[in-house]
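Hello,

Here is the structure we talked about handing over. Please have a look at it first; my notes follow below.

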Amino acid sequence: MTVLVGCQKPAETVPPAALRNQSAPVAAQVDATEARIAGNWRVVAGVGIPVGSKVSIGQGVMAVNGSALPLAQVGPGQFMAGGTALWVHWLDADARTVAMGDPDGHWYFVMDRTGKPGERMTAAKTILDWYGYDTTRL
């Protein structure tokens, strides 16, 4: 398993079943393209990538705290980042806040361009809950 933590394993290794109920539906947002998620982000919540991490996306690369991973879109709203599935579960209309994760449930996180998502955090958490992620860890 590859983990998006600036190429480091998280201190706590959690079995996928503990992070996402595999019987819950899961989907990616079809209008989430690399162009829409390109730019600089701050991780504001999640498991598997430290809160406060700086993420930069663009030109086929996702850099997490300066560590670059190749990024390739493999389907609508679906990417591979350094060999790990990265699905956009929710992106607000103005592309300010995004909820992403591994559909197998290894990790998930919420990023915001300003680091202060406000009411968009509630929307991101609601979507992650719907897709079966254990958001009590947020």
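**Strands and hairpins**

Gln73 has Phe79 of β5 as its bridge partner. Keep in mind that this is a predicted model.

Take β4 and β5 together. Strand β4 covers residues 67-75, runs antiparallel to β5 and is joined to it by four bridges. Gly75 stands opposite Gln78 of β5. The two strands form a hairpin with two residues between them. In that hairpin, Gly77 takes a positive phi near 70°.

Strand β3 covers residues 61-64. Four bridges join β3 to β4, and the two run antiparallel. Met62 has Leu69 in β4 as its bridge partner. These strands also make a hairpin, with two residues between them. Asn65 sits in the turn and has a positive phi of about 50°.

Then go forward one. β5 and β6 are antiparallel and joined by four bridges. Met80 stands opposite Ala85 in β6. The hairpin of β5 and β6 has two residues between the strands, and Gly82 takes a positive phi near 60° there.

**The two faces of β5**

In a regular strand, side chains alternate between the two faces of the sheet. Which residues of β5 point to the buried face? They are Phe79 and Ala81.

Phe79 is the bridge partner of Gln73. Met80 is the residue opposite Ala85.

**Aromatic pairs**

How many aromatic pairs are there? The count is two.

One is Trp107 with Phe109. Their ring centres are 5.3 Å apart and their planes meet at 20°, so this pair is stacked. The cut-off for stacked is under 30 degrees. Trp107 is buried, at 1% relative accessibility. Phe109 is buried too, with a relative accessible area of 0%.

The other is Tyr108 with Tyr133. This pair is tilted, with 5.1 Å from centre to centre and 55° between the planes. Tyr108 belongs to strand β8, residues 108-112. Tyr133 is in the segment after α3, which spans 120-130.

Tyr133 has a charged neighbour. Arg20 lies over the face of its ring, 5.9 Å from the ring centre.

**Arg96**

Where is Arg96 placed? Arg96 is in the loop between β6 (84-91) and β7 (97-101). With 33% relative accessibility, Arg96 counts as partly exposed.

Which residues does Arg96 touch, leaving aside those up to four places away in sequence? The contacts are Trp41, Met111, Asp112, Arg113 and Arg120. Consider Met111 among them. Arg96 and Met111 are 15 residues apart in sequence. In space, their C-alpha atoms are 8.4 Å apart.

Best wishes

How values were computed:
Residues numbered from 1 in each chain as written. Predicted model: local features only at pLDDT ≥ 70, side-chain atom pairs only at ≥ 80, totals over all residues. Heavy atoms only, no water. Phe/Tyr/Trp six-rings, centres within 6.5 Å; stacked < 30°, edge-to-face > 60°. Buried < 20%, exposed > 50% of the residue type's maximum accessible area, 1.4 Å probe, protein only. Lys NZ or Arg CZ within 6 Å of the ring centre and 35° of its normal. Contact = heavy atoms within 4.5 Å. Pairing = 2+ DSSP bridges.
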